[in-house]
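Here's a quick briefing for anyone meeting this structure for the first time. Have a look at the model, then read on.

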Amino acid sequence: MATSTPTSVTLRRMTQEDHAPVAALTVADEQSQFVDPMPLTLKTTALMRDNFVIEVDAGIVGFFQIDTRVPDYIQQPLLELCQVVIDQNHQGRGIGRRFIQGLPDAIKREYPDAPGVVLTVNCRNKMAHHVYAAGGFADTGEIYEGGPSGPQHIMTMHWNNRI
């Protein structure tokens with residue numbers, strides 16, 4: 001596991017040139033129950049969601065998706081944050097925290113009318129829940145029962161008071 005603090009974290013749309021490094025991203029065994037393997041994610045969701053990369057010092061260390069369709073488990077016009085992955089070799093460096101801090105600006109740049117984002121976190125994934133909550137996501141107190149790995153907390157982040 002890398003220990004140096006990144007000097008820059010950039011969130012940007014994935015390009016065709018990014019495919020190989022993104023497909024090579026992996027998570028620790030205990031995290032694999034919460035996200036699909038990257039090759040499967042890239043194959044099955046390419047037409048449904050917008051793909052983004054997380055770069056640290058010009059190298060790809062993570063990935064996430066934005067779904068512009070309002071998820072059926074929330075009654076607000078929010079974008080859905082999906083499949084957040086930070087490669088296991090780059091965890092523990094504060095990249096997750098920096099990712100969440102940079103997310104509103106990245107979303108506003110790409111989707112200027114979006115009032116915020118929603119995500120679900122598996123109820124057993126306490127570390128991810130903590131990171132999202134510490135970064136400004138609010139737990140709605142509701143549980144989404146349709147998660148592939150079991151019940152999930154619904155969390156939102158708003159940056160626009162239009163809701």
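**The cores**

The largest nonpolar core has 27 residues, and the ones touching the most other members are Phe 64, Leu 81, Ile 107, Tyr 132 and Phe 137. A nonpolar core here is a set of buried Ala, Val, Leu, Ile, Met, Phe, Trp, Tyr and Cys residues joined through side-chain atoms within 4.5 Å, with buried meaning under 20% relative accessible area (1.4 Å probe, protein chains only). This is a predicted model, where local features need pLDDT of at least 70, side-chain atom pairs count only at pLDDT 80 or more, and totals for chains, interfaces and linings use all residues. Residues are numbered from 1 along each chain as its sequence is written, and side-chain values use heavy atoms, leaving out hydrogens and water.

- Helix 3 is the top contributor to this core, giving six residues; helices (H or I, at least four residues) and strands (E, at least two) are DSSP runs numbered from the N terminus.
- Setting aside neighbours within four places in sequence, Phe 137 is in contact (heavy atoms within 4.5 Å) with residues including Leu 81, Ile 100, Tyr 132 and Met 157.
- There's also a second, separate core of eleven residues, with Met 14, Leu 42, Val 53 and Phe 63 among them.

- Seven strands make an open sheet, ordered 1-2-3-4-5-7-6 with mixed pairing; two strands pair if DSSP finds at least two bridges between them.
- Strand 1 (9-13) and strand 6 (138-144) sit at the edges with a single partner strand each, so one side of each has no neighbour in the sheet.
- Strand 1 runs antiparallel to strand 2 (residues 50-56), joined by five bridges.
- Thr 10 faces Glu 55 of strand 2.

How values were computed
Buried < 20%, exposed > 50% of the residue type's maximum accessible area, 1.4 Å probe, protein only.
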